[in-house]
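Please keep the sequence and the model in view while reading.

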Amino acid sequence: MLHEEAALRTGFDDFGADDYVEGLSRLIASLESEARLHTIGRITAKAQIVDALSVRLELLAHRESHPEVDAEVIDQPLFVVGLPRTGTTLLHELLALDPSSRAPTMWELSRPCPPPEARTYADDPRIAPVDQHLARLRRLLPGLDAIHRMRAALPHECLAAMAPSFRSYQFPFSFHVPSYLGWCQQADPTPGYHFHRSVLKHLQSRFRRERWVLKSPAHLGQLDALLSTYPDARLIHTHRDPIDVIPSSASLHHVMQG
């Protein structure tokens, strides 16, 4: 049903290699048996899965009709890594102010097709609906803005680029899915990073700057796969006293999973 809904939404039906299927199956099983979802939670979980499948379909269809995108080169991407709540977001946004750098924003990770263009990047029509969605999210989650500010045009964690691979910590961030999280920690993350690279190639195919500036605390436990995918990557590792990190992280998860 989820596949059919994504296919109906996009008009495409080729989901590509099946290396995403196990992760999707484990996520669904964990949502059903562990997440204790209320009605809004079930609607949200379904929406996130269908969104990820839809992005997968659209990206693969675009690559099929534009094979030249695969020749794009990601040069020396800069990754901000570190435990959650160690200032990674602040540093990411600061580095993104450099006009030679580019950080992926929430709107282009949420709706990457067609690829953004330099001429219309600042006023792309996809920005407004993503901001409207985030405004609804803030109404559902009072206090979120004070903990973690999200806007369509702000730099966004690049783990969202891995969501269509279903080997992404994006889902445990939103839902209580411990068995899926445990699987992610044990499974080979390489397919997720290959999809991540494919997304960056797509996004820069019509709008390129000197370097990508990327960020996610989730990378910290997957550095081997990251560096295998991006051998020339540069890393900045933030630090903070764990006594401060743990309660701050718990507060954020409490709000997101409430």
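The points below concern nonpolar cores, a pair of helices and a group of strands. The model is predicted. Its largest nonpolar core has 24 residues, and a second, separate core has 22 residues.

**Nonpolar cores**

- Within the largest core, the residues with the most contacts are Leu27, Leu31, Ile49, Leu53, Phe166 and Tyr180.
- At least two residues of this core come from each of α1 (2-10), α2 (21-33), α3 (39-65) and α9 (178-186).
- Helix α3 gives the most to this core, with 6 residues.
- Leaving aside residues up to four places away in sequence, Ile49 touches Leu2, Leu24, Leu27, Ile28, Leu31 and Phe166.
- The second core includes Phe79, Val199, Leu226 and Tyr230.

**Helices α2 and α9**

- Two packed helices are described by the angle and the distance between their axes.
- The axes of α2 and α9 cross at roughly 155° and come within 7 Å.
- Angles over 145 degrees count as roughly antiparallel, and therefore α2 is roughly antiparallel to α9.
- From α2, Glu22, Gly23, Arg26, Leu27 and Ser30 meet Pro178, Ser179, Tyr180 and Trp183 of α9.
- By class, this contact of α2 with α9 has 4 nonpolar, 3 polar and 2 charged residues.

**Strands around β3**

- In strand β3 (residues 211-215), 4 of the 5 residues are buried, and the strand is mostly covered.
- Strand β1 (residues 78-81) pairs with β3 in the parallel sense over 3 bridges, and Val80 stands opposite Lys215 in β3.
- Strand β2 (residues 101-102) also runs parallel to β3, joined by 2 bridges, and Arg102 stands opposite Trp212 in β3.

Conventions
Residues are numbered from 1 along each chain as its sequence is written. This is a predicted model: local features need pLDDT of at least 70, side-chain atom pairs count only at pLDDT 80 or more; totals for chains, interfaces and linings use all residues. Side-chain values use heavy atoms; hydrogens and water are left out. A nonpolar core is a set of buried Ala, Val, Leu, Ile, Met, Phe, Trp, Tyr and Cys residues joined through side-chain atoms within 4.5 Å. Buried means under 20% relative accessible area, exposed over 50%, partly exposed in between (1.4 Å probe, protein chains only). Contact means heavy atoms within 4.5 Å. Axes are lines fitted to C-alpha atoms, for helices over the stretch in contact, and angles run from 0 to 180 degrees between N-to-C directions. Angles under 35 degrees count as roughly parallel, over 145 as roughly antiparallel, 65 to 115 as roughly perpendicular and the rest as oblique. Ala, Val, Leu, Ile, Met, Phe, Trp, Tyr, Cys and Pro count as nonpolar, Asp, Glu, Lys and Arg as charged, and the others, Gly among them, as polar. Two strands pair if DSSP finds at least two bridges between them.
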